[in-house]
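Hi,

Here is the structure I promised to pass on. Have a look first, and my notes follow below.

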Amino acid sequence: LAPNRDIPIAYYIFDLLYLDGYSLLRVDLEKRKELLSERLAPSERVRYSEHFDDGLKLYEAARERGLEGIVAKRRRSCYLPKRSREWLKVKITRRQECVIGGYTDPRGSREYFGSLVLGLYDEQGRLIHVGNAGSGFNQQTQADLWKRLQKLKTDKSPFFGPVEASRRTHWVRPELVAEIKFSEWTHENKMRVPIYEGLRFDKSPRECVFERPLPAE
């Protein structure tokens, strides 16, 4: 397929493993970055990936910008082509109160239900599907939630528009609010890797809306 020239693409180079026929795998990361910055000629498409000394400030800046997380690297580490403690992914987790609008059939040995079907109200008061949470339960919490869901069963979907689910979906009246932990929002306004944290009885379902960022001023 021909590239879409309307989408700007930049290639960030963050490490240098070989130079002039010599391996740099056993050279400290800080020195490899120094050699890379000396050899690289940055352009609009090719850029040098900077590093920052204050990891806490960088983490907060990434959180404010809605990024997935940061990577922390040991300055004097050699390059290892495998997972190690020298490079750590520090993920940013987000929380959102969501309305439970349904659940899916279980799979395998799991009892009761597979995942919760979650939604948020938009500016027009419509419940929009934002993802399904299938983890975060233990046997007791799942059993307790199952009993509550059975009392709210309905034949009509409470959602506006389609609901994405890989298994059969059962609808419930949108009266329960769940605390959800997730990594980020996708471009389709879906939560990535949503995890159930518990029910929120102090929150009304109608309070569960899309939270839009506001200008600092």
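Searching the whole structure turns up 17 salt bridges (a side-chain nitrogen of Lys or Arg within 4 Å of a carboxyl oxygen of Asp or Glu). Before the details, a word on the source: this is a predicted model, where local features need pLDDT of at least 70 and side-chain atom pairs count only at pLDDT 80 or more, while totals for chains, interfaces and linings use all residues. Residues are numbered from 1 along each chain as its sequence is written, and side-chain values use heavy atoms, with hydrogens and water left out.

One of the salt bridges joins D15 and R32, at 2.9 Å from N to O. D15 sits in the loop between strand 1 (11–13) and strand 2 (18–19), and R32 is in helix 1 (residues 29–39), 17 residues away. Helices (H or I, at least four residues) and strands (E, at least two) are DSSP runs, numbered from the N terminus. Both D15 and R32 are buried (buried is under 20% relative accessible area, exposed over 50%, partly exposed in between, with a 1.4 Å probe and protein chains only).

Another pairs E30 with R75, with the closest N and O atoms 2.1 Å apart. Since E30 is in helix 1 and R75 in the loop between strand 5 and strand 6, the pair ties together parts that are 45 residues apart in sequence. E30 is partly exposed at 38% relative accessible area, and R75 is partly exposed at 39%.

L80 is partly exposed, at 35%. Beyond its neighbours within four places in sequence, L80 contacts R26 and E86 (contact means heavy atoms within 4.5 Å). E86 in turn makes a salt bridge with R74, 3.1 Å between the closest N and O atoms.

Now for strand 8 (residues 116–121): six of its six residues are buried. L116, L118 and L120 are on one side, with V117, G119 and Y121 on the other.

Which strands does strand 8 pair with? Strand 7 (residues 94–104) pairs with strand 8 in the antiparallel sense over four bridges, and strand 9 (residues 127–133) runs antiparallel to strand 8, joined by six bridges. Pairing here needs at least two DSSP bridges between the strands. V99 has G119 as its bridge partner, while L118 stands opposite G131 in strand 9. Strands 8 and 9 form a hairpin with five residues between them, and G125 in the turn has a positive phi of about 80°.

Cheers
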